[in-house]
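Work through the exercises below with the sequence and the model at hand. Each task is followed by a solution in steps.

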Amino acid sequence: MSDAVKEWIGLLARLATGGVWIAAGAVKLPDPGASVAAVRAYDLLPEAVVPTVGQLLPVLEVVIGLALVLGLLTRGASVVSAVLFVAFIVAIASVWARGMTIDCGCFGGGGSDPDAASKYPWEIARDTALLAASVYLVALPRTRWALDNLFLAPRRVSPHDTDIDTATIHDGHDTIHDGHPSHEGER
């Protein structure tokens with residue numbers, strides 16, 4: 001797969017994952033009490049940390065989402081995104097295994113939901129797909145239309161990159177002619 005295709009796939013992964021994080025966090029920001037109640041409903045964390053997690057999680061979701069959409073600090077944002085998706089998958093699987101029927105609280109809400117058990121497989125599948133997108137961005141964080149491209153060193157041109165004109169590329173040290181590198185002194 002060419003670097004250009006990987007960068008376009010990365011852009012789609014960034015926008016989809018970032019958009020989900022922004023939507024999830026923005027819905028919860030106006031009502032931090034409901035976010036705290038949703039975290040409490042999982043019955044996984046010590047009560048002493050539930051209010052802090054419930055209030056900070058929406059803010060973190062929006063920040064991670066913005067970083068991904070803008071392509072700023074993509075690898076770091078993707079690592080945090082992947083860790084959060086693993087935690088959410090484990091949390092949803094945990095309540096499902098314990099026979100609890102709660103709304104995941106992913107996009108607001110939370111608390112008791114008699115139809116929750118039928119939603120758990122979909123929620124786990126969704127989070128697994130978003131986890132895969134996050135892992136992709138950890139491995140290949142350079143994407144199209146990203147602010148990282150303005151602030152980080154440019155990607156070195158590879159002689160195997162098929163998206164560039166390899167007829168003559170000169171970077172001061174190596175020259176590539178017809179796709180084959182040669183060093184300055186070897187001509």
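**Exercise 1. State what share of the chain's residues is buried, and describe the order of its elements.**

Step 1. Of the 187 residues of the protein chain, 37% count as buried, where buried means under 20% relative accessible area, exposed over 50%, and partly exposed in between (1.4 Å probe, protein chains only).

Step 2. This is a predicted model, in which local features need pLDDT of at least 70 and side-chain atom pairs count only at pLDDT 80 or more, while totals for chains, interfaces and linings use all residues. Residues are numbered from 1 along each chain as its sequence is written, and side-chain values use heavy atoms, with hydrogens and water left out.

Step 3. The chain has 6 helices and 3 strands; helices (H or I, at least four residues) and strands (E, at least two) are DSSP runs, numbered from the N terminus. Read from the N terminus on, the order is α-α-α-α-α-α-β-β-β.

Step 4. Among contacts (heavy atoms within 4.5 Å) in the protein chain with a separation of 6 or more, 62% join residues 24 or more positions apart.

**Exercise 2. Describe the largest nonpolar core and the surroundings of Y42.**

Step 1. A nonpolar core is a set of buried Ala, Val, Leu, Ile, Met, Phe, Trp, Tyr and Cys residues joined through side-chain atoms within 4.5 Å. The largest one has 27 residues, and W21 and Y42 have the most contacts inside it.

Step 2. At least two residues of this core come from each of α1, α3, α4 and α5. The largest share, 9 residues, is supplied by α4.

Step 3. Leaving out residues up to four places away in sequence, Y42 touches A91, I92, V95, R98, M100, I102 and C104.

**Exercise 3. Characterise the largest pocket by volume, lining and class.**

Step 1. On a 1 Å grid over the protein atoms alone, a pocket is an open set of points where a 1.4 Å probe fits, with protein on both sides within 12 Å along at least five of seven lines; lining residues have an atom within 4 Å of a point.

Step 2. The volume of the largest pocket is about 470 Å³, taken as the space filled by probe spheres set on the points.

Step 3. Its lining comprises 25 residues, with V39, Y42, L57, F88 and A91 nearest the centre. The elements giving two or more residues are α1 (3-28), α2 (32-41), α3 (50-70), α4 (74-97) and α5 (116-139). The most, 6 residues, come from α4.

Step 4. By class, the lining has 19 nonpolar, 2 polar and 4 charged residues. Here Ala, Val, Leu, Ile, Met, Phe, Trp, Tyr, Cys and Pro count as nonpolar, Asp, Glu, Lys and Arg as charged, and the others, Gly among them, as polar.

**Exercise 4. Is T143 buried or exposed, and which side chain does its own side chain contact?**

Step 1. T143 is found in the loop between α5 and α6 (148-151). T143 counts as buried because its relative accessibility is 2%.

Step 2. The side chain of T143 makes a polar contact with that of R14 (2.5 Å); such a contact is a pair of N or O atoms within 3.5 Å, one able to donate a hydrogen and the other to accept it.

Step 3. Neighbours within four places in sequence aside, T143 is in contact with E7, G10, L11, R14, L137 and N149.
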